[in-house]
Every structure is written in structure tokens, then in C-alpha cells.
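Please open the structure in your viewer and keep the sequence beside it, as this tour moves from one selection to the next.

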Amino acid sequence: MADPKRRMAGTHVTLILGSAVMVIPFVWQLLTSLKTLTNATRVPPTIAPDWRWANYAQVFELLPFGDQFLNTALVAAARTAGQLLFCSMAAYAFARLRFPGRGLLFGLFLSVLMVPPALFVIPQYEIMADLGWLNSLGAIIAPGLFSAFGVFLLRQFFLGLPRELDEAARLDGAGPLRIYWSVMLPLAKPGLLALGILVVLASWNDLFWPLIVNTDPEQMTLSAGLASLQGQFQTDYPVLMAGSLLASLPVIVVFTVMQRHFIQGIAFSGNKS
């Protein structure tokens, strides 16, 4: 049997190497954001930056960065609030309530996960156009207010809660809605936090859908705005990296602060089938 200390050392070496693989792209992004365009595109590449801080100021000159940052924050907040509410209600019904066809209906929900998202683009676009929501934040927010994955994740969490809680609440005269809101939802906080972090990250990085329904720079999110910095014949990569770094900082901070709750929620949700 291998020495426990050697196994521990091997584990640490593996984790350090994995961390380096994850961190190096961010370090390269930071270094590139401080270079001139000539040095950023030089072959072979140079590592040392030119300390060109003007690239960050140029981001605000080329884009309505403040407006797009606010749009992104509003979209992420609205989508997160919608999924936490609607997905938790559906998940509670599938996990704790008894009704005919529950298993079949839940299977249909899960089948949505196997459908390529691109198939929904045209129907969703036509709906947004009929509602007159194109070039508005509503068109970006609406399709992200609910997800089959969110229902699945929270259902797994609700399944892990003791059945005695429902019975005790019913003996006190509470109905299903009261049990959901006052008993189950507070206990599902780790699962809600895990889903919330996933939705924030997905909404913040969403590019495809905002580009389709929005052409107004004032109504764009950061991901779509940064995409407009890429030219057809030439791209100012230092400015693009500076803007991408500025756009990434909020989600990095959110994940760093909430990562413990995120890991706990995902781990607990996987305990029940």
C-alpha cells in the first residue's frame, strides 16, 4: 500500500497543476490587456506587458460600458429571481406533492434538457417579435426565467428533506402553499444558492441570444457589447482583453464569496435520486 504522505503529496501536485491550468488564461488576459496591439500580436509572443493602462479607458470610449454593465446586472438579477421562484415551485410540486401523471410530466421536463437550445431560437424570436419586445431587456430576460435543469436540481434537494416536516405542518393546519413558502423554501437555501450562482454565471456570459434580439448598443449586455469590438479585418486585442477582464470581475467576486455554499448545495442535491 502506498504511503499516505506520498498519496497526499500526489494529490496536492495534481491540484496545483489543475489550478495553474485554470489560472494561466486569466493571467495571460491581464498581461495582454496592458500591452500595445503590436506586442499583443507579435510572433513569437511576448510575456512582459507594456503597462498601457489607456486600454481600460478606451473601453469606456468605444462602448457605453456603464449602461451595458447595468443591463447585464438587471438581466442576471431578473433571470435569477425568476428561476429561484418558478423552478422552486415546480420542484416542490414534483418532489412533495402527489398527483396523477407526476412521473410522466417530470420525464417530459427532463426531455427538454436533451433538445439542442438552437432549436428554440426561432420560436422564441417570433414570440418576442409578436410581443414587440425586440431591442429591449424583456426579450433577453423572458426566456431565462425558467429552466428544466433548475427544476431537476431543486427537486433533488427537496427529496432530501424529511417527510416529517410536511406531516407536522399539515397537523398545524398549513396547506401546500404555506408549507412550500414557510417550511421547505427556507430549508432549501443551499440548493437555491447553488442554482442562483449557476444562473448568474450563465446570464452574465450569455452571448448568442442577446445578439439575436438586440441591435441597440444602449440595450445590449456586456457580452454582446464586447463582441462588437471584434472587427472584420482587425481586432484591438488589448482593448478587448481589458473589457473582458472588467466584465469578468463581478462574477469572479460572486463565485469566490459564494463558492462554499455552491459546493454544499450541489453535493446535497446529489444525495437523492
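A residue is called buried when its relative accessible area is under 20%, exposed when that area is over 50%, and partly exposed in between. Keep in mind, as you go through the selections, that this is a predicted model.

Begin by selecting R96 and D166, which form a salt bridge whose closest N and O atoms are 2.3 Å apart. This pair links distant parts of the chain, since R96 is in helix α4 and D166 is in helix α9 (residues 164–171), 70 residues apart. Both R96 and D166 are buried.

Next, select D206 and R79, where another salt bridge is found, with 3.2 Å between the closest N and O atoms. D206 lies in the loop between α11 (189–205) and α12 (208–213), whereas R79 lies in helix α4, so the pair ties together parts that are 127 residues apart in sequence. D206 has a relative accessibility of 18% and therefore counts as buried, and R79 is buried as well, with a relative accessible area of 8%. The count of salt bridges comes to two.

Now turn to the surface and select L85, F86, M89, F146 and W181, which form a nonpolar patch with about 490 Å² of accessible area together. Which helix gives the most to this nonpolar patch? Helix α4 (residues 65–96) does, with three residues.

Because its relative accessibility is 37%, M89 counts as partly exposed.

Notes. Residues numbered from 1 in each chain as written. Predicted model: local features only at pLDDT ≥ 70, side-chain atom pairs only at ≥ 80, totals over all residues. Heavy atoms only, no water. Patch = residues over 30% accessible without salt bridge, like charges linked within 9 Å, V, L, I, M, F, W, Y side chains within 5 Å. Areas by Shrake-Rupley, 256 points an atom, 1.4 Å probe, with all protein chains shown as cover. Salt bridge = Lys/Arg side-chain N within 4 Å of Asp/Glu carboxyl O. Helix = DSSP H or I, 4+ residues; strand = E, 2+ residues; numbered from the N terminus. Buried < 20%, exposed > 50% of the residue type's maximum accessible area, 1.4 Å probe, protein only.
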